[in-house]
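Open the model in your viewer and show it as a cartoon.

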Amino acid sequence: MTPELRQSIARRARDLQMRERPTELDAVLLAKEARRLFEEAADELRSRWLTLELGGYVGHVDARPLSEVLRVPPGDPVASRLMAHIAAYRTQRGYDVTPGHPRHEFRHFFVEPLPDLVATNENLERLPGSGGQARGLAC
């Protein structure tokens, strides 16, 4: 990577960070711009991650570990940290409380594309009694 390209990417990344304000956040647009930056920087891991975020994980996280889906080399601490973040924000813990059955914990990994999650959040915000704010997704 040339010094000029490195400077351009760094400047655009700082600009992108400055626009991350909760009241003006467009998560889909930011993800697309960040993916472009990672692609230009030849950061395959983060490019692949944002491609999955934007397109969804359907068909990718069936029974395979996230490390395989992201093609993470074993022992990579940066990639391990990214996978932990993905698992934390994409996984919802719940309980099966079906009458007559023992209480059973389950974990659901949301596979939907980011644009679908944002649209669902916006629809929930419009519901009466929501107070204009849905739980769990700051979009």
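The model is predicted.

**Whole chain**

Colour by secondary structure. The chain has six helices and two strands. Follow the elements from the N terminus and the order reads α-α-α-α-α-β-β-α.

Of the 139 residues in the chain, 27% are buried. If you display contacts between residues at least 6 apart in sequence, 38% of them join residues at least 24 apart.

**H1 against H2**

Select residues 3-18, which form helix H1, and residues 27-40, which form helix H2. Two packed helices are described by the angle between their axes and the distance between the axes. For H1 and H2 the angle is about 165° and the axes are 10 Å apart. H1 is therefore roughly antiparallel to H2, since angles over 145 degrees count as such. The crossing of H1 past H2 is left-handed.

Now show side chains at the contact. Which residues of H1 and H2 meet there? From H1, pick Leu5, Ile9, Arg12, Ala13 and Leu16. Their counterparts in H2 are Leu30, Glu33, Ala34, Leu37 and Glu40. Colour this set by residue type: seven are nonpolar, three are charged and none is polar.

**Ala42**

What is the phi of Ala42? The angle is near 60°, a positive value in a residue other than glycine. Most residues other than glycine have a negative phi. Is Ala42 buried or exposed? Ala42 is exposed, with a relative accessible area of 61%.

**Arg71**

Go on to the loop between helix H4 (66-69) and helix H5 (77-90), and select Arg71. Arg71 also has a positive phi, near 55°, and is a residue other than glycine. The relative accessible area of Arg71 is 58%, and the cut-off for exposed is over 50%, so Arg71 counts as exposed.

**Last view**

Ala42 has a phi near 60°, and Arg71 has a phi near 55°.

Notes
Residues numbered from 1 in each chain as written. Predicted model: local features only at pLDDT ≥ 70, side-chain atom pairs only at ≥ 80, totals over all residues. Heavy atoms only, no water. Axes fitted to C-alpha atoms, helices over the stretch in contact; angles between N-to-C directions. Helix = DSSP H or I, 4+ residues; strand = E, 2+ residues; numbered from the N terminus. Parallel < 35°, antiparallel > 145°, perpendicular 65-115°, else oblique. Left-handed = near helix turned anticlockwise from the far one by under 90°. Contact = heavy atoms within 4.5 Å. Nonpolar A, V, L, I, M, F, W, Y, C, P; charged D, E, K, R; others polar. Buried < 20%, exposed > 50% of the residue type's maximum accessible area, 1.4 Å probe, protein only.
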